[in-house]
Amino acid sequence: MSGSMKAIVYHAPGDIRVETVPVPSCGEGELRVKIDACAVCGTDLKTYLHGNPRIKAPMVMGHEFTGLIEMVGEGVEGFAAGERIVMATSVSCGKCAYCQRGWPNLCADLVPMGFSYPGGMAGYTTIPARAVENGHVVKVPEGVKAEHAALAEPLSCTVNACENCDIQDGDTVLVIGAGPMGIMNACMAREFGAAKLIVAEINDTRLAMCEPFGFDRLVNPATEDLAEIVMAETDGLGADVAIVAAPAAPPQEGAPLLVRKRGTVCLFASLPKGESTISLDSRPIHYGELRVVGTSDSTPAHVARAVQLLAGGSVPADGLASHVLGLDDLFKAYDLMQSGESLRVVLKP
Ligand SMILES: [Zn+2]
Ligand SMILES: [Zn+2]
């Protein structure tokens, strides 16, 4: 097939255009996918505002996509036209020490879709052979709506966090930061068996976005004493797990004081380069035998688990995919994201 398609193309900071571009070819080992939906990530907004030196412009954006396989390249086995797929979109090499250990999200040569390979904010995208070979393509069972399947990639990052935190049935989980990823982390913690969810957020608009999800306690630490509330909710022990999904130093510094002994603190959100040195009281970590873990990105196994949970129907996907718009509405999506009125905006070509 040849022809043209609509795509969202990154050119430079502040210069992203909706353009007509050629449909990508589908070579040996590749899969071409007709895109049904692509969610807009916070990193896509950051790219627009500040640019991203890792992106080779001009580049079709978008890594949170789903679609139907439209063409199977020569030599590809195990995939057929018409199957719905999603991806672990940071494509690993399969060979380095980290890939060998089963940590492809930490691959020494990670190549993300929408950065170095054209992404999914388009009519079609072609999945590179390296991604197909290394298991980055995950099938979606029938019955999962496209706008829900598009959530598999961001949710997979929260699967990584919840696995890393070793959340157990009955745990009390504190999530600090109720942006889209904070809310998704809280939803995922519930999938992992958390019995009590406390969500803290200093922005009241964002905090109000949590209400439909039925978390147990919403706290605004700017006006309420978070530590006092967490202790009151946990018989004075502290949370079993605290996930810091706010990109700021104070919550990272404060989180070890909010978990019980042998509890876990997860640094989910990253701090900006050059502003990531924090001041940490090591005594609670030492005397409390705490674990402080980081999580970054996700593996194909995390994506597969996210898909399984989405297919099971218990993830509140309708609430998480808060807006469904067309590709032409990217800037409307950015406005919604900046004002904090949206969780995931999903674009449909
Ligand atoms: Zn993303
Ligand atoms: Zn690797």
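Buried means under 20% relative accessible area, exposed means over 50%, and partly exposed lies in between (1.4 Å probe, protein chains only). The model shown is predicted: local features need pLDDT of at least 70, side-chain atom pairs count only at pLDDT 80 or more, and totals for chains, interfaces and linings use all residues. Residues are numbered from 1 along each chain as its sequence is written, chains are lettered from A and ligands numbered from 1 in the order in which they are written, and side-chain values use heavy atoms, with hydrogens and water left out.

**View 1**
Gln252 lies in helix 9 (residues 249-254); helices (H or I, at least four residues) and strands (E, at least two) are DSSP runs, numbered from the N terminus. With a relative accessible area of 5%, Gln252 is buried. Leaving aside residues up to four places away in sequence, Gln252 touches Val244, Leu267, Ala269, Leu271, Ile278 and Leu280, where contact means heavy atoms within 4.5 Å.

**View 2**
Two strands pair if DSSP finds at least two bridges between them. Opposite Val241 stands Thr264 in strand 15.

Strands of a sheet pair through backbone hydrogen bonds, either parallel or antiparallel. Here 3 strands form an open sheet in the order 2-1-4, and the pairing is antiparallel. The edges are strand 2 (15-22) and strand 4, each with a single partner strand, so one side of each is left without a neighbour in the sheet. Strand 1 (residues 4-12) pairs with strand 2 in the antiparallel sense over 8 bridges. Ser4 has Pro22 in strand 2 as its bridge partner.

**View 1. The site of the zinc ion (ligand 1).**
Cys41 (SG), His63 (NE2) and Glu64 (OE) coordinate the zinc ion (ligand 1) at 2.1 to 2.4 Å. Donors are N, O and S atoms within 2.8 Å of the metal (3.2 Å for Na, K and Ca); water is not among the atoms, so sites may look incomplete. The spacing of the donor residues in sequence is C-x21-H-E. Cys41 counts as buried because its relative accessibility is 11%. Glu64 is also buried, at 1% relative accessibility.

**View 2. The site of the zinc ion (ligand 2).**
Four cysteines coordinate the zinc ion (ligand 2) at 2.3 to 2.4 Å: Cys93 (SG), Cys96 (SG), Cys99 (SG) and Cys107 (SG). Along the chain, the donors follow the spacing C-x2-C-x2-C-x7-C. The angles among the 4 donor atoms are 103 to 116 degrees, and the site is tetrahedral. Four donors count as tetrahedral if all angles lie between 85 and 135 degrees. Cys96 and Cys99 are buried.

Most residues other than glycine have a negative phi, and most peptide bonds are trans. The peptide bond from Ala57 to Pro58 is cis, with omega near -10 degrees, and Pro58 sits in the loop between helix 1 and strand 4 (59-60). Asp166 is not a glycine, yet has a positive phi of about 55 degrees. The loop between helix 5 (152-164) and strand 11 (172-176) holds Asp166, which is partly exposed with a relative accessible area of 47%. Glu289, also not a glycine, has a positive phi of about 50 degrees. Glu289 is placed in the loop between helix 10 (282-287) and strand 16 (291-294), and at 44% relative accessibility counts as partly exposed.

Methods:
Tetrahedral: all angles 85-135°; square planar, octahedral: opposite > 155°, others 65-115°.
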